[in-house]
Amino acid sequence: MKNYDIDIYKMNRLPNYYNRNNYEINRLNQKRKTKKSNLTGYFVFIIMLLMLSIGAIGLTIFVLGSDQKAPLLQSRTYASVEKMQVKLSEDDQMGVGGAYLPESKTTPLSTLDYYIKRGDSIHSIARRFGIDEATIIKLNDIKIPSKIVRGQKILIPNQNGIQEEVTRRNSLDQIAKKYDMDKEELMRVNNLVSERDADKIFIPGMKYDGVSKQLLLGEYFTRPIRGGRFTSMFGYRVDPFTKKKSCHTGVDIAHRMGTKVYAAAPGKVIFAGTGNDYGNFIRIQHTSGYVSYYAHLSKINVKKGDWVSTGTYIGQVGSTGRSTGPHLHYEIRKDNVRINPMTVTVW
Ligand SMILES: [Zn+2]
């Protein structure tokens with residue numbers, strides 16, 4: 001560059017050496033000055049750029065951070081917490097650190113899906129998971145515990161407890177009072193946000209009494225007769241009289257005339273006499289709305305008002321009423337609805 005400049009200068013102008021030299025020096029000086037000021041300019045420019053970008057980043061952080069991101073984060077957190085927590089009283093506000101109160105006594109109810117495998121029974125499943133059989137039966141609304149099917153899905157709760165239906169006559173308040181529990185606590189355990197969502201309620205830590213457990217397990221009633229032969233089961237069959245399909249209301253066990261008949265469960269005799277179709281028959285009132293019938297008897301050994309226990313001798317097999325031969329007609333009603341006796345009776 002420098003040489004080229006000088007060359008041009010040499011060609012175009014013809015100053016003396018001194019002038020030339022002088023000129024050269026001036027020019028170089030000027031060039032240096034320009035360079036210097038240019039460099040300073042660059043520096044100022046870069047610093048300004050830096051400051052600007054820092055400012056921009058700061059502003060971005062400020063705008064996103066304080067004005068947009070924070071409220072979004074907040075509302076989302078509040079929404080999920082609100083979903084999970086139940087109403088807390090003023091005194092409990094200090095405890096809000098998560099979804100649940102840290103001082104609560106019981107774990108919320110949760111369940112595990114379990115598929116029935118070959119060889120499983122409610123008893124074996126209950127033992128494997130350490131959960132009460134009755135709790136599992138009631139939670140899954142299993143009608144006949146002995147007849148669970150392979151592949152059938154059941155829920156295994158994470159804790160023992162009993163379940164109650166919530167109705168107008170059996171409200172959440174009444175249930176809470178009955179079990180001496182806090183309603184809010186009951187709702188929390190049942191993961192209920194609103195009281196209106198409750199149709200069934202799980203009461204943790206409670207156990208079914210002996211009778212309820214027997215009823216749930218289908219072991220409350222025991223066979224009312226020893227031996228014999230089933231000639232008709234519960235449900236639809238061809239009526240031996242009309243030859244038309246009709247519903248058989250109980251089970252028939254054919255046996256010798258005069259064979260002893262026993263009470264299937266403890267209860268009170270509410271009828272002992274003669275009816276048209278049933279012939280001589282006995283009706284016994286049991287707990288929880290259950291009533292048992294023993295029909296076509298040849299002899300009745302109890303009277304109305306008597307209290308009987310399981311296995312009490314109540315009468316003898318006959319063929320009275322609508323019958324084609326000596327047999328016992330054994331029937332069970334629950335809340336006046338006929339049910340299959342075999343689902344509740346240990347035979
Ligand atoms: Zn019958």
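Q: What share of contacts between residues at least 6 apart in sequence join residues at least 24 apart?
A: Two residues are in contact if their C-beta atoms, placed from the backbone, lie within 7 Å. Among contacts in the protein between residues at least 6 apart in sequence, 63% join residues at least 24 apart. This is a predicted model: local features need pLDDT of at least 70, side-chain atom pairs count only at pLDDT 80 or more, and totals for chains, interfaces and linings use all residues. Numbering starts from 1 along each chain as its sequence is written.

Q: How many residues does the largest nonpolar core have?
A: A nonpolar core is a set of buried Ala, Val, Leu, Ile, Met, Phe, Trp, Tyr and Cys residues joined through C-beta atoms within 7 Å. Buried means 20 or more other C-beta atoms within 10 Å of a residue's own, also placed from the backbone; exposed means 12 or fewer, and partly exposed lies in between. Here the largest core has 38 residues. F281, I282 and Y294 have the most contacts inside it.

Q: Which strand gives the most to this core?
A: Strands (E, at least two residues) and helices (H or I, at least four) are DSSP runs, numbered from the N terminus. β13 gives the most, with five residues.

Q: Is β16 enclosed or open, and why?
A: Six of its eight residues are buried, so β16 is largely enclosed by the rest of the structure.

Q: Which way do β13 and β16 run?
A: Strands pair if DSSP finds at least two bridges between them. β13 and β16 run antiparallel, joined by six bridges. Y293 has E331 in β16 as its bridge partner. Four bridges join β9 to β16, also antiparallel.
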